[in-house]
Amino acid sequence: MTSLTAILCRFAALAGFAAAGLALSPALALAQEAPDALVKRVSQEVLQIVRTDPLVQAGNEARIHEVIEVKLLPNFDFVRMTSLAMGRNWRTATPEQQQRLTQEFRTLLVRTYSGALNQYRNETVDYKPLRASPGDTEVVVRTAVAKPGATPVPIDYSMEKKADGWKAYDVAVAGVSLVTNYRDEFNAQIQAGGIDGLLKTLAAKNKGVAAK
Amino acid sequence: MNAALRAAVRTVAVVAATALFAGCATTGSKVDPLEPMNRAMFEVHEVVDGNVMRPIAQAYVDYVPELLRLGVSNFYSNIDDFFSGINGLLQGKLEKAGDDFGRVVVNSLFGLGGIFDPASDIGIERGNEDFGQTFTYWGLPVGPYLFVPLFGPSTVVDASGDLVRIVWGPVGSIPYVPLRNSLYGLGYVNLRAAALGASSIVDTAALDRYLFIRNSYLQRRRYLVYDGKPPPEPEEE
């Protein structure tokens with residue numbers, strides 16, 4: 001009899017701990033969510049929406065944009081992303097140009113992501129163990145996206161620790177870095193028409209895709 | 001020597017010759033000294049691909065049941081796995097080569113000649129070695145970037161690798177020409193269909209499709225040659 005009581009007591013205690021832990025975890029998550037945990041949480045949330053949201057599945061653009069704006073974008077550092085893609089040209093841009101470049105680049109990436117999101121259905125994500133020391137402020141979070149009947153595609157996020165949490169500043173899909181890819185494209189545009197030329201191309205591209 | 005092979009050799013000879021002449025008046029970057037010629041080839045490709053190959057691939061996806069397409073894709077992957085194994089051996093990557101040959105044995109015997117992929121189900125991962133990577137691993141220079149209409153982005157070393165693959169490929173040794181050509185055709189549609197998603201992303205993402213595809217290709221190849229761990233690229237000044 002005593003043993004049963006003991007088990008029940010322990011069970012109650014554990015349940016109590018678990019409940020307390022659940023109540024605490026949102027606060028903890030805000031304070032110090034590790035970069036790999038962040039990538040895992042966000043990608044699971046987005047995949048869940050893609051799998052279950054009828055509007056997303058129907059290709060509703062407004063809804064897809066909303067998902068990307070609310071779920072994905074807060075976790076990206078677009079200023080750093082844009083400055084890396086600009087390379088040495090970033091310093092020659094005025095603060096106003098830098099701001100507009102960041103805005104246009106952000107819009108372009110949202111549109112690209114919207115198109116890509118539509119293609120997801122049965123994918124599963126495999127999260128690789130994080131190789132980092134506790135003091136690191138820069139890490140690469142490695143994942144692999146698998147689909148039945150296809151080779152898994154590695155997707156790696158380069159992340160930096162900021163005051164308000166870890167932010168991604170580059171994504172590499174199957175070894176192709178987004179930032180590196182755009183660096184040549186931006187450079188070519190700047191050589192042809194200066195930074196204003198690049199801005200004009202980006203704006204036209206964003207409008208053209210929107211019209212499609 | 002069959003006709004397809006001769007045609008391929010002729011194509012490469014023409015490309016190489018053109019490359020020599022184009023090299024005299026180069027304006028492109030270090031990785032792409034033949035940019036003017038490549039861009040012209042790219043334009044040709046865009047027209048043919050956009051009007052013929054892409055619609056065929058799209059129709060294939062739209063009308064052929066997914067299960068059947070998966071079987072086709074597995075069938076060709078099985079041949080790729082065999083060559084991945086050969087190239088693993090040529091680079092002394094014995095464990096990877098073992099996995100690749102293991103896959104070929106399992107899938108050929110228990111997957112109805114490679115139509116099914118039980119090897120993946122039991123957790124033997126696919127390799128992706130090829131002759132272009134082997135030659136680069138051996139220290140041969142990558143050479144200028146090439147855009148070959150209907151074949152897409154390549155480099156001198158990768159195009160050479162593809163040629164070796166075509167010469168040695170099992171499909172080329174099929175004596176019955178209609179069957180051989182059908183298999184070539186189906187293989188092409190299978191590959192093009194697999195790239196449909198990527199092409200629609202490039203449409204949205206690229207400011208300049210030619211540059212976007214070139215840079216993606218070169219980054220990807222570098223990643224593969226270094227088995228997913230490329231050293232950081234030197235900053236171009």
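## A residue of helix α2 in chain A

A:Leu47 is found in helix α2 of chain A; helices (H or I, at least four residues) and strands (E, at least two) are DSSP runs, numbered from the N terminus. This is a predicted model, in which local features need pLDDT of at least 70 and side-chain atom pairs count only at pLDDT 80 or more, while totals for chains, interfaces and linings use all residues. Residues are numbered from 1 along each chain as its sequence is written, and chains are lettered from A and ligands numbered from 1 in the order in which they are written.

With 17 other C-beta atoms within 10 Å, A:Leu47 is partly exposed. A residue is buried if 20 or more other C-beta atoms lie within 10 Å of its own, exposed if 12 or fewer, and partly exposed in between, with C-beta atoms placed from the backbone. Not counting residues up to four places away in sequence, A:Leu47 touches A:Tyr120, A:Glu123 and A:Val125; two residues are in contact if their C-beta atoms, placed from the backbone, lie within 7 Å. A:Leu47 and A:Val171 are separated by 124 residues in sequence and by 17 Å in space, C-alpha to C-alpha.

## Architecture of chain A

Chain A contains seven helices and five strands, and from the N terminus on its elements follow the order α-α-α-α-α-α-β-β-β-β-β-α. Of its 212 residues, 23% are buried. Among contacts in chain A with a separation of 6 or more, 54% are between residues 24 or more positions apart.

The five strands form an open sheet in the order β1-β2-β3-β4-β5, with antiparallel pairing; two strands pair if DSSP finds at least two bridges between them. The edge strands of chain A, β1 (124-127) and β5 (176-177), each pair on one side only. Helix α2 (residues 35-52) of chain A packs on this sheet and touches β1, β2, β3 and β4 of chain A, its direction making about 35° with that of β2(A). Axes are lines fitted to C-alpha atoms, for helices over the stretch in contact, and angles run from 0 to 180 degrees between N-to-C directions. Strand β2 (residues 138-146) of chain A pairs with β3(A) in the antiparallel sense over eight bridges; the bridge partner of A:Val140 in β3(A) is A:Ser158.

Helix α5(A) lies across β3 and β4 of chain A and runs at about 40° to β4(A). It also packs against α6(A) at an angle of about 100°, with the axes 9 Å apart. The two helices α5(A) and α6(A) are therefore roughly perpendicular, a class that covers 65 to 115 degrees, whereas angles under 35 degrees count as roughly parallel, over 145 as roughly antiparallel and the rest as oblique. The contact involves A:Phe78, A:Val79, A:Met81, A:Thr82, A:Ala85 and A:Met86 of α5(A), together with A:Leu101, A:Thr102, A:Phe105 and A:Arg106 of α6(A).

The largest nonpolar core has 24 residues, of which A:Ala85, A:Phe105 and A:Phe186 touch the most other members. A nonpolar core is a set of buried Ala, Val, Leu, Ile, Met, Phe, Trp, Tyr and Cys residues joined through C-beta atoms within 7 Å. In chain A, α5 (78-86), α6 (95-117), β3 (153-162), β4 (165-173) and α7 (178-211) each supply at least two residues of this core; α7(A) gives the most, with eight residues. Neighbours within four places in sequence aside, A:Ala85 is in contact with A:Phe105, A:Val179, A:Tyr182, A:Arg183 and A:Phe186. Apart from this core lies another, of 18 residues, including B:Phe131, B:Phe135, B:Tyr210 and B:Ile213.

## Chain B and its hairpin

Chain B has ten helices and two strands, and 30% of its 237 residues count as buried. Strand β1 (residues 145-148) of chain B pairs with strand β2 (residues 152-155) of chain B in the antiparallel sense over four bridges. B:Val148 has B:Gly152 of β2(B) as its bridge partner. Three residues stand between β1(B) and β2(B) in this hairpin, and B:Leu150 in the turn has a positive phi of about 75°.

## The interface between the chains

At the interface, 20 residues of chain B are in contact with 21 residues of chain A. On the side of chain B that touches chain A, α3 (66-90), α9 (196-205) and α10 (209-225) of chain B give two or more residues each. The largest share, eight residues, comes from α10(B). By class, the residues on this side of chain B are eight nonpolar, eight polar and four charged; Ala, Val, Leu, Ile, Met, Phe, Trp, Tyr, Cys and Pro count as nonpolar, Asp, Glu, Lys and Arg as charged, and the others, Gly among them, as polar.
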